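Dear colleague,

I am handing over the structure below, and I would be glad if you kept it open while reading the notes that follow.

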Amino acid sequence: MNILTIETTCDETAAAVVTDRLAVLSSVVASQDALHRRFGGVVPEIASRAHLERILPVIDEAIRRAGLALDDLDAVAVANTPGLAGSLLVGLVAAKTLCLALDIPLVAVNHLQAHIYACRLSSGQEVFPCVGLIVSGGHTNLYRCDGPLDFELLGATIDDAAGEAFDKVASMLRLPYPGGPSIERAAREGNPAAYRFPRSFLHDEDRMDFSFSGLKTAVRYTIAGPGRQDFDSIHLDPSQVADLAASFQEAVVDCLVGKAFLALRRTGSGTLCVGGGVAANTRLRARLEQEAARRGVRLFVAPLSLCTDNAVMGAIAVERLKAGRTEPLDLEACPGLERRS
Ligand code: KG4
Ligand code: ZN
């Protein structure tokens, strides 16, 4: 079977063709970073308009690169949750239209489950059951994953997501958007112990949650004391920026690693899968590897190309097809964030 997968949950317009044996025939990602850069974050209305312009060329290109024609498709999968309403709708309408025109089944993809499935896909190994850590621009969630479609939320951020904190702190340090890669670059020259920033909940063994808004405020107050209105005029020299970036990154990494391994202890699981844009972070990957080796945990981190949003991870649709789970053409988008209620 050839499955077209479509991803438009946030600001990446992506399509891929995968087979039911998990071969990846093509992958196309049109990034919108350049459109959102001057705002320092994703502007939902700009994102949905850009998806509208790009979705058909991106789908055409994915099918062309796979060496297929439209008639060769056997199913279309689309991420319909979670995400930005206007963005989700563009992918969903494109997917439904193709299913209607070609008379093939529609498969719904949960974008967060897909981020974890990227580990299954890239490793070529069975990774379930496992603990799943998703660290992205919108989510910092820990799951008990009994199977690819069987996720139970164990903990989540109560305010900012890790990627969001990277983006906001980068903006304070006047580093370019997206903030994660910029902070990582600046941090290479910095001292991670230069500033002692807060690590919320880290020593609370009863909580598998995260909080990054206090950390963000601590960085701001380090740059300029509370109440300063002239924040933008404060000069930071490159070594200060490097130290602030490294110390901030270390605090985030401590929390992510600490809680992921707490979840492993709590669930008794010996396998950790990590996905989402922040999983591209070299320092996080190194610390996870160290800790996993020390504790004898099987660790799977999505490869860089599958950390940030892409359609290849939509191959999780194969699991739904195997389980006989296809959708009617009135499938709805479920926008928003997946948080603990
Ligand atoms: O998964 P993703 O592409 O989109 C969402 O579903 O949110 O994640 C995007 C987030 C952004 O906040 C970006 O700053 C962050 O991932 N990110 C990183 C790195 N690369 C991307 N954060 C830290 N280090 C990186 N190398
Ligand atoms: Zn994502």
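Is Gln32 buried or exposed? Gln32 is buried, because its relative accessible area is 0%, where buried means under 20% relative accessible area, exposed over 50% and partly exposed in between, computed with a 1.4 Å probe on protein chains only.

Before going further, please note that this is a predicted model, in which local features need pLDDT of at least 70 and side-chain atom pairs count only at pLDDT 80 or more, while totals for chains, interfaces and linings use all residues. Residues are numbered from 1 along each chain as its sequence is written, chains are lettered from A and ligands numbered from 1 in the order in which they are written, and side-chain values use heavy atoms, with hydrogens and water left out.

Gln32 lies in the loop between strand 3 (24-31) and helix 1 (33-36); helices (H or I, at least four residues) and strands (E, at least two) are DSSP runs numbered from the N terminus. Leaving aside residues up to four places away in sequence, Gln32 touches Asp11, Glu12, Thr13, Ile46, Ala47, Ala50, His51 and Arg54, contact being heavy atoms within 4.5 Å.

Among the buried residues of helix 3 are Leu88, Val90, Leu92 and Lys96, and their cover includes strand 1 (2-7), helix 2 (44-65), strand 4 (75-81) and strand 5 (106-110). Just after helix 3, Asp103 takes a positive phi of about 55 degrees.

Helix 4 (residues 111-123) is largely enclosed by the rest of the structure, because 11 of its 13 residues are buried, including His111, His115 and Arg120. Helix 4 also bends by about 30 degrees at Tyr117, the bend being the angle between axes fitted to the seven residues ending there and the seven starting there.

Finally, helix 8 (residues 238-267) and helix 9 (residues 282-295) pack at an angle of about 35 degrees with their axes 10 Å apart, where axes are lines fitted to C-alpha atoms, for helices over the stretch in contact, and angles run from 0 to 180 degrees between N-to-C directions. The residues of this contact divide into 7 nonpolar, 1 polar and 7 charged, with Ala, Val, Leu, Ile, Met, Phe, Trp, Tyr, Cys and Pro counted as nonpolar, Asp, Glu, Lys and Arg as charged, and the others, Gly among them, as polar.

With best regards
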